[in-house]
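I opened a new notebook page for this one. These entries record what I looked up, in the order I looked.

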Amino acid sequence: DDALGQVVSRAVVIATGITAGGDREILGVDIGDSEDETFWTRFLRSLKARGLGGVRLVISDAHAGLRAAITKCFAGASWQRCRVHFMRNALSYVPKGQNTVVAAAIRQVFLQPDQKSATQVWRQVADQLRTRWPKLGACMDEAETDVLAYTGFPTQNRTKLHSTNPLERLNKEVKRRADVVGIFPNEDSIIRLVGAVLMEQNDEWQLQHRYMQIEGMAELNQPMIEEENQPLHITAKAA
């Protein structure tokens with residue numbers, strides 16, 4: 001609050017997308033409460049109002065507010081729960097001394113070649129683990145569809161669809177630039193700085209090789225006819 005001279009923390013949220021042509025783009029940025037459904041709904045609707053369409057998959061952390069907003073705004077799109085964040089959550093149900101063994105067991109799922117075998121191994125591992133850690137078994141039961149959503153997409157592209165990790169490098173750069181300033185006088189000044197960083201990154205992406213293999217994108221695009229610049233996957237993350 002400028003009038004009271006208070007310093008408060010704010011979450012900067014960023015959405016990136018992958019177009020039908022396999023290129024990566026910045027879709028939007030905003031400031032708000034990263035746990036609040038109303039905020040996320042407004043943010044996602046603003047992306048749609050600016051032309052976002054044809055979304056097939058949304059990748060994000062499991063924030064309850066964000067999850068609800070995705071369901072509301074992108075009916076028919078799959079949701080991929082970040083695999084990395086799921087693993088951290090799953091391991092919280094077991095003693096630290098067992099983390100390595102449990103993580104290795106769950107990772108067997110991610111080595112499977114297709115959706116059917118991944119689902120089968122997931123359920124086998126869940127049943128094995130629930131005998132010692134019932135809450136972990138229940139966690140896996142609940143998360144199965146969302147963590148394995150990426151396995152329904154072309155094999156060539158799966159490594160870039162199972163987590164929000166591709167956004168982490170971008171988030172780190174945003175934080176590095178913001179830390180130089182330290183305290184911002186208002187939200188507009190935050191958007192100006194972060195927006196400049198994102199514009200630089202977007203320009204850099206356009207000069208790089210195609211982010212997704214064209215063969216996989218062609219396979220994905222077969223069931224639908226969309227404009228070349230319509231993002232098929234979006235990734236949302238709070239910095």
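**Entry 1**

I began in helix H1 (residues 37-49), where phenylalanine 39 and phenylalanine 43 both lie, four residues apart, about one turn of the helix. I note here that the model is predicted.

How is the aromatic pair of phenylalanine 39 and phenylalanine 43 arranged? I found it stacked, 6.4 Å centre to centre with 5° between the planes. Buried or exposed? Phenylalanine 39 is buried, and so is phenylalanine 43.

Next I checked tryptophan 40 against phenylalanine 43. The ring centres of tryptophan 40 and phenylalanine 43 are 6.0 Å apart and the planes stand at 65°, so I logged this pair as edge-to-face. An angle over 60 degrees is what counts as edge-to-face. Tryptophan 40 and phenylalanine 43 also both lie in helix H1, three residues apart, again about one turn of the helix. Tryptophan 40 is buried, as is phenylalanine 43.

I then joined the two pairs up. Ring pairs link Phe39, Trp40 and Phe43 into a cluster. I counted aromatic pairs through the structure and got four.

**Entry 1: overall layout**

I stepped back to the whole chain. I listed nine helices and five strands in the protein. From the N terminus on, I read the elements as β-β-α-β-α-β-α-α-α-α-α-α-α-β.

How much of the protein is buried? Buried residues make up 48% of the 239 residues. I also looked at contacts between residues at least 6 apart in sequence. Of these, 67% join residues at least 24 apart.

**Entry 2: nonpolar cores**

I looked for the largest nonpolar core and found 33 residues in it. Which of them touch the most other members? They are Phe86, Ile106, Phe110, Trp122 and Met140. I listed the elements that give two or more residues to this core: E3, helix H3 (83-91), helix H4 (99-110), helix H5 (115-130) and helix H6 (134-147). H5 gives the most, with six residues.

There is a second, separate core of 18 residues. Among its members I noted Leu66, Ile70, Cys73 and Phe74. For context, nonpolar side chains in soluble globular proteins tend to be buried together.

I went back to phenylalanine 110, one of the residues of the largest core that touch the most other members. Leaving aside neighbours within four places in sequence, phenylalanine 110 is in contact with Arg83, Met87, Trp122, Val147, Leu148 and Tyr150. The charged end of arginine 83 sits over the ring of phenylalanine 110, 4.0 Å from its centre.

Which residues of H3 are buried? I found Arg83, Phe86, Met87, Ala90 and Leu91. These residues cover an arc of only 130° around the axis, which puts them on the same side of H3. What covers the buried residues of H3 includes strand E4 (78-81), H4, H5 and H6.

I logged one further charge over a ring. Arginine 24 lies over the face of tyrosine 211, 5.0 Å from the ring centre.

**Entry 3: cysteines**

How many disulfides does a search of the whole structure find? I got zero. Cysteine 73 is buried because its relative accessible area of 5% falls under the 20% cut-off. Cysteine 82 is buried too, at 0%. Cys73 is the cysteine I had already placed in the second core.

**Entry 4: Ile26**

Isoleucine 26 lies in strand E2 (residues 24-32). Its relative accessible area is 17%, so I count isoleucine 26 as buried. Which residues is isoleucine 26 in contact with, leaving aside its neighbours within four places in sequence? I listed Ala15, Thr16, Leu170, Leu198, Asn202 and Trp205.

I also took a distance from isoleucine 26 to methionine 199. The two are 173 residues apart in sequence and 7.8 Å apart in space, C-alpha to C-alpha.

**Entry 5: His63**

Last, I looked up histidine 63. Histidine 63 lies in the loop between strand E3 (57-60) and helix H2 (64-73). Buried or exposed? Histidine 63 is buried, since its relative accessible area is 18% and the cut-off is under 20%. Not counting residues up to four places away in sequence, histidine 63 touches Ser34 and Glu35.

Conventions:
Residues are numbered from 1 along each chain as its sequence is written. This is a predicted model: local features need pLDDT of at least 70, side-chain atom pairs count only at pLDDT 80 or more; totals for chains, interfaces and linings use all residues. Side-chain values use heavy atoms; hydrogens and water are left out. Buried means under 20% relative accessible area, exposed over 50%, partly exposed in between (1.4 Å probe, protein chains only). Contact means heavy atoms within 4.5 Å. A nonpolar core is a set of buried Ala, Val, Leu, Ile, Met, Phe, Trp, Tyr and Cys residues joined through side-chain atoms within 4.5 Å. Rings of Phe, Tyr and Trp (its six-membered ring) pair if their centres lie within 6.5 Å; planes under 30 degrees apart count as stacked, over 60 as edge-to-face and the rest as tilted. A charge sits over a ring if NZ of Lys or CZ of Arg is within 6 Å of the ring centre and within 35 degrees of the ring normal. The arc is that of the directions from the helix axis to the C-beta atoms. A disulfide is a pair of cysteine sulfur atoms within 2.5 Å.
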